[in-house]
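Me: I would like to go through some labels used for this protein and ask what stands behind each of them.

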Amino acid sequence: MKIHEIYLSRCLELGEKALGRSAPNPMVGAVLVAEGRIIGEGYTSAYGGPHAEVNAIRSVREKELLASATLYVSLEPCNHHGKTPPCTDLILQSAIPRVVVGVQDPHALVNGSGIDRLRNAGVEVITGVMTAGCRHHHRRFLTFHEQQRPYIILKWARSADGFMAPPAGNRGVEAAPYWITGARSRQLVHKWRTEEQAILVGSGTAREDNPRLTSRSWWGPNPLRLVTDKALALPKDLHLLDGNTPTWVFYHAGLQPEPLPGVRHLQVSPEEAWPEAICKGLHAEGITSLLVEGGAQTLEGFIRMGLWDEARVFTGPEPLGGGLPSPCLTGHRASERMVGRDQLQIWFRD
């Protein structure tokens, strides 16, 4: 591995620390190197706080070394005023002579202007290093700005013989989840919820499982809860409508929703496809990532329209012998591992 790749790999390690905290800002990592050693490191603070470059520069104790340092950063430094000043300002004020950038920022207010400003000021800027790895790391942010929609992760569990749920008559009377996977897998899902901005289920899952869609089994923020309810027919005593965590309800235009504490209602035209309408609405609100947890009809809608980027599929150890079939994917399986007694496959869309 070449020296630039070594330090950019460290940037990606640092950036992972911002997962679930920095959005809608990207989870950038930055490393400062001088005299053959790392003199400073940083990653993006929670939204509204300093960016990775600022945190890295502030962490340097021997400030005199900045004038001979190389700054490695996984994403192009910003060159505009947002909630914080441009990172290019501080880089130039610090007299850093060389910057290695992992991938260009497609944001309309950046999009190469950060690189251009640094170069025009005499800074050596190196690009094209570990581009694929940096794009994968920043896939949520890049998808949001390049495709004008959130990065979409599908998640479901299936039995050993390929069913998502047993026949309707085999479920209990009370609305509650039917668990196919074990406790370790369920805890992992709660961890995932802390990493994404929003989580979605359809009205059937909301009614039959009465999920909370919180991250109560893992430390971290709850995602924004989303549910489709075309006819506004969901019972008002569901956990999703309890007001404890912000929830958005997508419904057909022309109806009159009842105001509920902590619940926002968003109209969808009856002529619009639901996956597209949801993606458009979330993009307009700055939501960069979405975890779709079900049910089968909702998942298949996103799959059918090609509106997915990643799928996380658990297979439990026991068969059901019938019931609701699991969705089918056409993509490539990137990895497979065991979580307790459950098999977890990660897929990416081609």
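Reply: Helices (H or I, at least four residues) and strands (E, at least two) are DSSP runs, numbered from the N terminus. Helix α1, residues 3-15, holds both Arg-10 and Glu-13, which are 3 residues apart, about one turn of the helix. This is a predicted model, in which local features need pLDDT of at least 70 and side-chain atom pairs count only at pLDDT 80 or more, while totals for chains, interfaces and linings use all residues. Residues are numbered from 1 along each chain as its sequence is written, and side-chain values use heavy atoms, with hydrogens and water left out.

Me: What makes Arg-10 and Glu-13 a salt bridge?

Reply: The term requires a side-chain nitrogen of Lys or Arg within 4 Å of a carboxyl oxygen of Asp or Glu. For Arg-10 and Glu-13 the N to O distance is 3.0 Å, so the pair qualifies.

Me: Why is Arg-10 called partly exposed?

Reply: Buried means under 20% relative accessible area, exposed over 50%, and partly exposed in between (1.4 Å probe, protein chains only). Arg-10 has 25%, so it is partly exposed. Glu-13, at 49%, is therefore partly exposed as well.

Me: Asp-309 forms a salt bridge with Arg-149; why does Asp-309 count as buried?

Reply: The closest N and O atoms of Asp-309 and Arg-149 are 2.7 Å apart. The two residues lie 160 residues apart, Asp-309 in the loop between α10 and β13 and Arg-149 in the loop between α6 and β6. Asp-309 has a relative accessibility of 9%, so it counts as buried. Arg-149, with 4%, is therefore buried too.
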